[in-house]
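Here is a short report on selected residues.

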Amino acid sequence: IFRAKDCGIPVDRCLADRVGMAATFVNALALQAYFQAKSLPSKVYGAHAWTQVPVFEIDQVRRDLKTHVLIFAGGTGHPFFSTDTAAALRAIEINADVLLKATKVDGVYNKDPRKYSDAKRFEDLTYKDALKGQYEVMDACAFALCMEQNLPIFIFNIFEKDAILRAVDQSIKGTLIKEK
């Protein structure tokens, strides 16, 4: 992910966000190659036009849901909205059962497990408990969308072998956030 401030480059926020959205297309195409290597038909949709990637159009997406693993790229297509918000939005639009959030750790902890050996992982949390604990699971806009639409969120470690496939079949360790 491109973060201009981390590079010491003075870049306008809107431009930096557009660069970040473009990077999601690269990641989406790599993810598509992974699914194809696993013999899973997949298709990438973008929030805006990008070479050889169709633009997200809900009717076509819903048709393709029946036969393909779908990968959404380009965020919302607008600056100031995170990829978390885009993921929540797309998951709600396609009536997903759960939003899978891949991170660097295997769920939500009471404190950073990479810094604190006594960090406690939660197997499940309610939306309210996650907000109250300020665990920074995802940005507030994305979290609000999921909570409002009662869309469960599953947080898991992307660096485990076959993490995405294991998250789908619920065989990977993580944290499930939902209403009771």
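Asp 106 is buried, at 11% relative accessibility. Buried means under 20% relative accessible area, exposed over 50%, and partly exposed in between, with a 1.4 Å probe and protein chains only. The residue sits in the loop between β3 (99-103) and β4 (108-109). Strands are DSSP runs of E of at least two residues, and helices are runs of H or I of at least four, both numbered from the N terminus.

The Asp 106 side chain makes polar contacts with two side chains: Tyr 109 at 2.4 Å and Lys 173 at 3.3 Å. A polar contact is a pair of N or O atoms within 3.5 Å; within protein, one must be able to donate a hydrogen and the other to accept it, and residues adjacent in sequence count only if both atoms are side-chain atoms. Leaving out residues up to four places away in sequence, Asp 106 also touches others, including Arg 121, Phe 156 and Glu 160. Contact means heavy atoms within 4.5 Å.

## Basis of the model

The model is predicted: local features need pLDDT of at least 70, side-chain atom pairs count only at pLDDT 80 or more, and totals for chains, interfaces and linings use all residues. Residues are numbered from 1 along each chain as its sequence is written, and side-chain values use heavy atoms, without hydrogens and water.

## Cysteines

The whole structure has zero disulfides, a disulfide being a pair of cysteine sulfur atoms within 2.5 Å. For Cys 14, the closest cysteine sulfur is in Cys 141, 16 Å away and too far for a bond. Cys 146 is in no disulfide either; its nearest cysteine sulfur, that of Cys 141, is 9.8 Å away. Cys 14 is partly exposed at 23%; Cys 146 is buried at 0%.

## Val 168

Val 168 belongs to helix α7 (residues 163-168). Its relative accessible area is 57%, so Val 168 is exposed.
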